[in-house]
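Let's take a friendly look inside a protein.

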Amino acid sequence: MERGTFQDALNEGAAGDGDWLVAATRRLVACPSGTPPGDTRAMADEIAALIAEVPGIEIERYPGAEHVMNLVLRLKGGRPGPRLVFNGHMDTFPLGNRAEWTADPAGEAREGKLYGLGVSDMKGGLAAILFALRCLAPIREQLAGEVVATFAGDEETMGVLGSRLLLDTVPHARGDAMISADAGSPRVLRFGEKGMIWLNLSATGRAAHAAHVHKGESALEKLIDAIVALRALRELPVAAPPEVLAAIEAAGPVSEALSGAGESEVLRKVTITFGTMRGGRLSNLIADHAEASADVRLPVGISVAQVEAEIVRIAALHGVAVEITRRYEPSWTDPDHPVIRLLAQNCRKVLDIEPVVNMRVGASDARHYRAAGVPTVVCGLTPVNMGAADEHVALDELIALGRIYALTAFDYLVERV
């Protein structure tokens, strides 16, 4: 089948297939998978049921824990070739305060929008992947290679029991390229993301009555001094590759319109935020213990080891102990990689937009794939109120995303070979 014929088939079936995609998304949204508890077994069953009647799809289940189920869908082509992976996660944020919702968090369509908990992060993206598989299955013999969809049961708690487990244990979970359907926008294709360090700080002092300050030593003051000094991490030099800096600069006007003014600067710099702080027992008692937690994000161009060394050095100067609880490196894929170019081409054709490529400030399972050596890009739905009341996406964009995925897979596995 030629590309034009495949695209014509997609266009001719747009109404019916679009209805299927919206209905599939609503079924996934209606299936609870909030974290905690992060139980994705029912979600895996729902996805398997949605795709079970499609010929040629192999369905595999891989438990990560008793309550965490991962799913791998495999559509093999008729001749050897590359493997294109689509990835998404089945768990969502918790519901929060139901009273704040004006729409049904289990799914409600109105005024061209689809509302529901997790619809943008990322059950709409999962349904778009299933849509693409449905479109590709009838022409599977013409595919050079295969399409694999990895649906992770654990992402909100950093993916150890989800995408990383699949990459470590399932050979065909890896591929020659990966497209993540995580929340974002077809207008901004994300080719990399910042690294992260989570740390706890603790300071010990000597208790004494506040009237006898000469007898005590304040743990709180030691901790505060260390916190002030640690803000210098924001000024650490970063040696980012020129192509990364160029992409951030070029994407700024479009990307910041979606993600907020200042995103471009944040993508270039180390950031540190202090999330919690506590210590002491009474206002008139010098604190003998204090602790705080912090989140550090690392741009491409500086390593975890470099930043950790500076954290430890500064904390030691102020007599404060440090515990690193989580860490991972920044990661990126060449912004000119073929799969990114094909994806941008199809975003342009389907949505009549000019997409840009940029880094991503937040974390996603894409980092696990890049760490495994798989070129990766994130292209998902534009979220509104993600993780909050009345989370929703645009129905037109949801349907467009399914077509973009199908066309990109066709181009990668048929047209490009």
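## The cavity lining

The lining of the largest cavity is made up of nine nonpolar residues, no polar ones and one charged. Here Ala, Val, Leu, Ile, Met, Phe, Trp, Tyr, Cys and Pro count as nonpolar, Asp, Glu, Lys and Arg as charged, and the others, Gly among them, as polar. Among the lining residues are Val 238, Leu 267, Arg 268 and Met 359. Helix α7 (242-259) and helix α8 (263-268) each give two or more residues, and α7 gives the most, with three.

The volume of this cavity is about 30 Å³.

## How to read the model

This is a predicted model, where local features need pLDDT of at least 70, side-chain atom pairs count only at pLDDT 80 or more, and totals for chains, interfaces and linings use all residues. Residues are numbered from 1 along each chain as its sequence is written, and side-chain values use heavy atoms, leaving out hydrogens and water.

In soluble globular proteins, nonpolar side chains tend to be buried together. The largest nonpolar core has 78 residues, of which Ile 47, Leu 73 and Phe 151 touch the most other members. Helix α12 (residues 395-415) supplies the largest share, 13 residues. This core lies between domain 1 (3-193 + 330-415) and domain 2 (195-328), because both give residues to it.

Leaving aside neighbours within four places in sequence, Phe 151 is in contact (heavy atoms within 4.5 Å) with residues including Ile 47, Leu 73 and Met 90.

Conventions. Core = buried A, V, L, I, M, F, W, Y, C linked by side-chain atoms within 4.5 Å. Buried < 20%, exposed > 50% of the residue type's maximum accessible area, 1.4 Å probe, protein only. Helix = DSSP H or I, 4+ residues; strand = E, 2+ residues; numbered from the N terminus. Domains from an automatic or database assignment. 1 Å grid on protein atoms, 1.4 Å probe; cavity = no way out; pocket = protein on both sides within 12 Å on 5 of 7 lines; lining within 4 Å. Points joined across faces, edges and corners; volume = space filled by probe spheres on them.
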